[in-house]
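Let's take a walk through this model together, from ring contacts to the ligand and then a few backbone details. Keep the structure open as you read.

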Amino acid sequence: MFDIAIIGGGTAGLTAAIYGQRAGKRTVVFEGLNFGGQIVNSPNVENYPGLESISGSQYSMNLLNQALKLGTETISEKVKEIREEEGIKIIVTEAKEYPCKSVIIATGVAHRHLGIEKEDKLVGSGVSYCATCDGAFFRGRDVAVIGGGNTALQDAAFLANYCNKVYVVHRREEFRGESRLVNALKEKENVEFVLNAVVKDIIGEFMVEGVLLHDKKEEKDFQIPVAGVFVAIGQIPQNEIFDGVVKLDEYGFILASEDCMTSHSGIFAAGDCRTKEVRQLTTAAADGSVAALEACKYLDAK
Ligand code: NAP
């Protein structure tokens with residue numbers, strides 16, 4: 001019987017594990033993919049207090065090792081369901097069922113897709129959601145990054161090191177991401193901003209050959225020949241399996257406030273998967289600690 005079962009091995013989940021273990025609770029982290037979460041793909045994290053500059057993968061590895069050294073257990077199985085039986089929470093995975101006394105959901109978010117016809121077909125053949133994973137394949141080529149947030153801006157900066165030309169295609173005039181990142185891109189000779197443009201289609205049958213864009217101001221279509229399309233248009237929650245167990249908002253985020261408490265007693269939500277204003281590494285870590293301490297309070301009160 002685990003005291004605290006954490007679903008998701010990203011920053012929020014692993015921070016919760018550190019706090020849970022340090023409070024003397026038997027803590028387990030379920031992760032269906034890779035430990036570390038979305039920050040694994042960030043080439044350089046420069047806004048985490050006390051860490052001036054660190055790669056996302058190194059940061060994640062440090063975090064996982066810290067949790068493991070404290071005695072956190074890990075189970076590499078995808079969680080399918082949580083149910084409650086006589087006050088005990090049961091975590092159901094593809095393989096087994098695990099009883100536990102409290103649960104922290106820290107499932108983060110998944111890449112948002114453009115939702116255009118060729119996108120899924122050409123994933124791995126020029127369409128990518130991870131510049132740091134796939135950027136090297138496009139050395140010397142022209143690529144387009146779609147999006148105007150921090151991820152798109154960081155991806156463009158990273159790709160500019162490898163690629164001949166990087167187009168940053170954004171649907172508005174103003175970027176959502178930090179102006180510091182925008183200004184750094186403006187300095188790069190091989191980066192071009194394509195603003196007020198929406199992607200209508202990806203060109204190419206078997207490999208990406210370009211993108212068909214629509215200029216919203218001029219109201220006309222135009223094409224850019226590129227070998228790669230890096231989609232960085234934000235993330236969406238993956239909380240469908242928890243719907244009915246905890247309350248979700250209209251966008252699918254778990255309803256929980258700063259205390260990370262959900263509508264279900266003994267189930268907490270931490271990090272990007274819950275309703276919140278700011279989704280950052282720091283807020284994920286903060287949530288992980290809060291959720292674990294609230295879970296400890298819940299367990300001790302029992
Ligand atoms: P984001 O901030 O939500 O930005 C998504 C961007 O994609 C926006 O510019 C949005 O346009 C655009 N977009 C959304 N749907 C679109 C569609 N269907 N077609 C075209 N464009 C679309 O997402 P993010 O950049 O992935 O960042 C997520 C969070 O992680 C943010 O809080 C960010 O600051 C944080 N982050 C932190 C770091 C770090 O180093 N610590 C790195 C990366 C990200 P509009 O602006 O018009 O809505």
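**Rings, ligand and loops**

F30 is buried, and so is Y98; buried here means under 20% relative accessible area, exposed means over 50%, and partly exposed is in between, with a 1.4 Å probe and protein chains only. Before going on, a word on the ground rules: this is a predicted model, where local features need pLDDT of at least 70 and side-chain atom pairs count only at pLDDT 80 or more, while totals for chains, interfaces and linings use all residues. Residues are numbered from 1 along each chain as its sequence is written, and side-chain values use heavy atoms, with hydrogens and water left out.

Back to the rings. A search of the whole structure turns up six aromatic pairs. For a pair, rings of Phe, Tyr and Trp (its six-membered ring) need centres within 6.5 Å; planes under 30 degrees apart are stacked, over 60 edge-to-face, and the rest tilted. F30 and Y98 make one of these pairs, edge-to-face, at 5.2 Å centre to centre with 65° between the planes. Their pairing links distant parts of the chain, since F30 is in strand β2 (residues 27-30) and Y98 in strand β6 (residues 97-105), 68 residues apart. Helices (H or I, at least four residues) and strands (E, at least two) are DSSP runs, numbered from the N terminus.

Now look at Y48 and Y59, an aromatic pair that is tilted: 5.6 Å centre to centre, 50° between the planes. Y48 sits in the loop between β2 and α2 (56-69) and Y59 in helix α2, so this pair ties together parts eleven residues apart in sequence.

Next, the ligand. Which residues come nearest? Of the 20 residues around it, they are T151, R172, R176, R279 and Q280, where being near takes a heavy atom within 4 Å. By class, that shell has three nonpolar, twelve polar and five charged residues. In this scheme Ala, Val, Leu, Ile, Met, Phe, Trp, Tyr, Cys and Pro are nonpolar, Asp, Glu, Lys and Arg are charged, and the others, Gly among them, are polar. Helix α5 (residues 150-160) gives the most to the shell, with three residues.

For oxygen atoms of the ligand, a polar side-chain atom of R172 lies 2.7 Å from one, an N or O atom in the side chain of R176 is 2.6 Å from one, and a polar side-chain atom of Q235 lies 3.1 Å from one. A polar contact is a pair of N or O atoms within 3.5 Å; within protein, one must be able to donate a hydrogen and the other to accept it, and residues adjacent in sequence count only if both atoms are side-chain atoms.

Elsewhere, D3 belongs to strand β1 (residues 2-7) and counts as buried because its relative accessibility is 14%. A polar atom of the D3 side chain lies 2.7 Å from the backbone nitrogen of R26.

Finally, check the backbone. Most residues other than glycine have a negative phi. E86, in the loop between β4 (79-85) and β5 (88-93), has a positive phi near 50° and is exposed, with a relative accessible area of 84%. E219, in the loop between β13 (210-215) and β14 (220-224), has a positive phi near 55° and is exposed at 63%.
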